[in-house]
Amino acid sequence: MTRARFGQMKTPKGSHAIVREVPNAFERALRSKEPETPIDVARARAQHERYCEALQTLGLTLLRLSADERFPDCPFVEDTAVVLGEGAIIANLGAPSRRGEEQAVAEALAEYMELYEIVEPARLDGGDVLSIARTLFVGLSGRTNRAAAEQLDALLRSDGYEVVAVSVREVLHLKSACTYLGGDILVHLPGHLDDEAFSKFERIIVPPQEAPAANCLAVNGRVLVPAGAPRTRAHIEAAGFEVLELDISEAAKAGGGLTCSSIIF
Ligand code: CIR
């Protein structure tokens, strides 16, 4: 997709970002397949620091939570809560080893907004929730079930939100295959979602060899794109967005992308 550049495209906005430090236990973070080389925790920390700096450059005030060695995956804060306007919905994480990560995040969010909870039998990872205006696309994945979509619908319907359940296959989360940039534009790795659900959007198609680039983080006028995806980057720039590239090789070994390591509000 190419679009004339009549100025910079608008992205979602935020003022704060919750991030969480990388524990030593990160070397044991969950992964769907064994990486070619082990997770290098020192490198993961350095990359995480670059990520934090990038968020600050974009004008976000960081709320830095300390690492918790009980939870190897704790830097992936996105999965623990969904922030919408003035409220946050605290997840009931799909992976048993991750349950409990949400507590520190909930404490941080409670300073700023009202909290609601997803409860059994619902399971939800925030990485499965793509919110665009008043529509919430909720991925039904290995981590998130239909009961979660139903609870979200019950919580949000009276505030004018529409919840659209989308089946997810062969990727971890909905946002592993599709993220929102701004305007009516998505980046999308085809073949892993009910692609029909997104037919009203313009889509920047990610080629399979650049699959991790389907998870971009658009905020405050820039799009963070993972290194190593030149074609996707070029398409995003051609659509009128300003791009910032980040190396997240170590998080990627654990299935993490750019949205996973922050909660922006
Ligand atoms: C997990 O399997 O839960 C973590 N290793 C990766 C979580 C990535 N989070 C995300 O995509 N939102």
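This is a predicted model: local features need pLDDT of at least 70, side-chain atom pairs count only at pLDDT 80 or more; totals for chains, interfaces and linings use all residues.

Reply: Residues are numbered from 1 along each chain as its sequence is written, and side-chain values use heavy atoms, with hydrogens and water left out.

A side-chain N or O atom of D73 is 2.7 Å from a nitrogen atom of the ligand. For E78, a side-chain N or O atom is likewise 2.7 Å from a ligand nitrogen. R143 has a side-chain N or O atom 2.7 Å from an oxygen atom of the ligand. Taken alone, the ligand exposes 350 Å², and the protein buries 97% of that (Shrake-Rupley areas with a 1.4 Å probe).

Next, the nonpolar cores. The largest has 31 residues, and L130, L181, F198 and I236 have the most contacts inside it. Such a core is a set of buried Ala, Val, Leu, Ile, Met, Phe, Trp, Tyr and Cys residues joined through side-chain atoms within 4.5 Å; buried means under 20% relative accessible area, exposed over 50%, and partly exposed in between, with a 1.4 Å probe and protein chains only. Elements giving two or more residues to this core include β6 (129–132), β9 (178–182) and β13 (222–226); helices (H or I, at least four residues) and strands (E, at least two) are DSSP runs numbered from the N terminus. Apart from this core lies another, of 18 residues, among them I118, V129, A149 and L156.

H188 is found in strand β10 and counts as buried because its relative accessibility is 1%. Among the residues that H188 touches, not counting those up to four places away in sequence, are A177, C178, L193 and D195, contact meaning heavy atoms within 4.5 Å.

Some backbone details remain. Most residues other than glycine have a negative phi, and most peptide bonds are trans. A cis peptide bond joins E120 and P121, with omega about 5°, and P121 is found in the loop between β5 (114–117) and β6. A133 has a positive phi, near 50°, and counts as exposed because its relative accessibility is 71%.

How values were computed: A polar contact is a pair of N or O atoms within 3.5 Å; within protein, one must be able to donate a hydrogen and the other to accept it, and residues adjacent in sequence count only if both atoms are side-chain atoms.
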